[in-house]
Amino acid sequence: VAQPTVAQPTVAQPTVPQPTVPPAPIQQAAQKIEAKQPQAPEIITIGSLMDLSRSEITVGETVKKVLESYFDMTNKRKILGSRSIKLVILDDEYTENLAQKNVDTLIKEHNVHILLCPVGSHTIKSYLDKIEKGDVTVLFPIAETPLFKSSKYKHFIHFSASSLETGHGITDYILKTFKPTKIAACYQTSSDRIENGIIAATRKADFKNLLLIPINLAEFSLTEQANIVKKEQPQAVILAGGTFATLSFVRLLDPSYFKNNHLASAVSFLNVSNIKNYMKKNNIKFLCPSLVPNPDKSELPIIKEFLDFAKHSSIEVGSLALQVYVSARIFTDIIKKIDGPVTQDNVIKTAQSFKNYDLGGLPLNFDPNTRRLINTFWIDNATDTWVPVQLDQPIEELSTTTTTPTKLLVGSTIDLTRGVKSMGDSIKGVMDHVFEQFNQNNELKNLSL
């Protein structure tokens with residue numbers, strides 16, 4: 001009997017797939033992708049100082065809102081790629097002591113060494129020593145004193161004209177357009193040489209009848225200055241000071257004074273909404289410099305860009321808001337051009353390299369003598385067509401300006417005739433002596449006791 005044959009099962013060997021080698025170009029591209037590591041996020045911390053609670057709050061709030069909204073947009077849209085901007089803004093209350101303290105806080109607590117659009121000539125002057133030493137670099141300050149616009153200060157980059165140039169331009173425009181026989185210039189003494197542009201323009205035109213009226217921030221009332229204008233009756237009044245002092249002064253004069261006379265500003269600092277709204281409400285034709293073109297009428301691409309930004313950020317359209325926007329926009333263009341760490345030196349070198357740089361129709365050209373980027377300003381003449389003024393001729397500035405000191409009146413009640421007359425005589429004698437020395441030494445510019 002034949003034994004049955006049992007078939008042995010065949011065990012299949014597993015097939016190991018052989019790797020497919022891609023063509024050489026694809027392999028090389030893949031190696032490059034693997035080698036390229038994603039950039040680590042870089043946070044660039046910058047700061048700014050402005051008044052957010054006192055006399056210049058309108059300016060401060062405008063600057064703050066534009067800067068915060070712009071960098072919020074920049075970070076969300078990743079305009080700077082892996083880089084983002086952290087903005088630290090502190091309130092200096094438009095006071096020198098607090099400005100000094102806040103700069104120290106920014107440096108020590110926030111490691112901030114770049115300030116963008118800080119506000120106020122006299123507050124910035126309070127930490128000028130730190131700018132000179134390079135502890136901080138100041139970009140596009142909202143401060144128009146010519147003191148800062150010098151090749152001496154390497155850690156300043158300015159936006160446009162100084163008060164010397166805007167004051168000269170507005171005065172020249174008034175002399176040629178309205179031909180007044182008398183002009184009053186009311187200027188803030190805390191802002192160095194702010195009146196010199198007005199004086200230079202009148203001297204150039206051989207105009208003799210200029211009335212200089214200093215305004216000191218220490219004074220509680222501007223009645224004395226307003227009374228001088230009422231008595232002298234100038235056909236044009238040019239203001240050079242802060243928004244609070246300006247509105248107070250115009251109210252004391254009474255808006256009706258400007259029904260037949262002209263009112264102007266020597267500084268673009270006053271081209272802000274609360275000033276312009278007050279003038280419009282009281283039918284005052286107010287002439288004012290602007291460091292940017294007319295935001296309501298200009299067809300430049302950068303203006304259209306700003307208007308779109310303002311609409312989506314609920315920002316009131318105006319010259320100051322546009323100026324701050326353009327300043328922030330220049331700053332981001334500077335950052336984009338820096339290949340490497342964003343340091344003070346790299347920011348300064350990049351800004352200094354701008355020559356015929358097109359910023360949406362605004363040409364940027366660094367001027368080493370004034371350290372500014374824009375060499376034009378505009379006169380807002382209360383019409384749709386603002387007058388451009390080219391900054392191609394240097395203005396001869398006065399080395400000294402002679403002005404009538406402002407008097408701060410101080411009172412006291414003492415016995416000069418009876419029982420304690422000897423004590424009263426001593427008190428009066430000491431006060432007279434101290435005040436006389438104070439006035440002789442000119443311890444506060446243009447202020448006498």
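This is a predicted model: local features need pLDDT of at least 70, side-chain atom pairs count only at pLDDT 80 or more; totals for chains, interfaces and linings use all residues.
Let me begin with Lys179, which counts as exposed because its relative accessibility is 61%, where exposed means over 50% relative accessible area, buried means under 20%, and partly exposed lies in between, with a 1.4 Å probe and protein chains only. Residues are numbered from 1 along each chain as its sequence is written, and side-chain values use heavy atoms, with hydrogens and water left out.

Although Lys179 is not a glycine, its phi is positive, at about 50 degrees, and the residue sits in the loop between helix H6 (163-178) and strand S6 (183-188); helices here are DSSP runs of H or I with at least four residues, strands are runs of E with at least two, and both are numbered from the N terminus. Asp206, also not a glycine, has a positive phi of about 55 degrees and is found in the loop between helix H7 (196-204) and strand S7 (210-215). With a relative accessible area of 52%, Asp206 is exposed.

Now to helix H11. The 13 residues of H11 (residues 301-313) should span 18 Å at 1.5 Å a residue, and the end C-alpha atoms are 18 Å apart, which agrees; the expected span is 1.5 Å times one less than the number of residues. Which residues of H11 are buried? They are Ile302, Ile303, Phe306, Phe309, Ala310 and Ser313. These residues cover an arc of only 120 degrees around the axis, which puts them on the same side of H11, the arc being that of the directions from the helix axis to the C-beta atoms. On the other side of H11, Lys311 and His312 are exposed. The cover over the buried residues includes H2, H12, strand S11 (357-359) and strand S12 (362-364), with contact meaning heavy atoms within 4.5 Å. After H11 comes Ser314, with a positive phi near 55 degrees.

Finally, two of those covering elements, H2 (residues 57-76) and H12 (residues 319-337), pack with their axes 9 Å apart at an angle of about 40 degrees, where axes are lines fitted to C-alpha atoms, for helices over the stretch in contact, and angles run from 0 to 180 degrees between N-to-C directions. The residues making this contact include Val59, Tyr70 and Phe71 of H2, and Leu320, Arg329 and Phe331 of H12.
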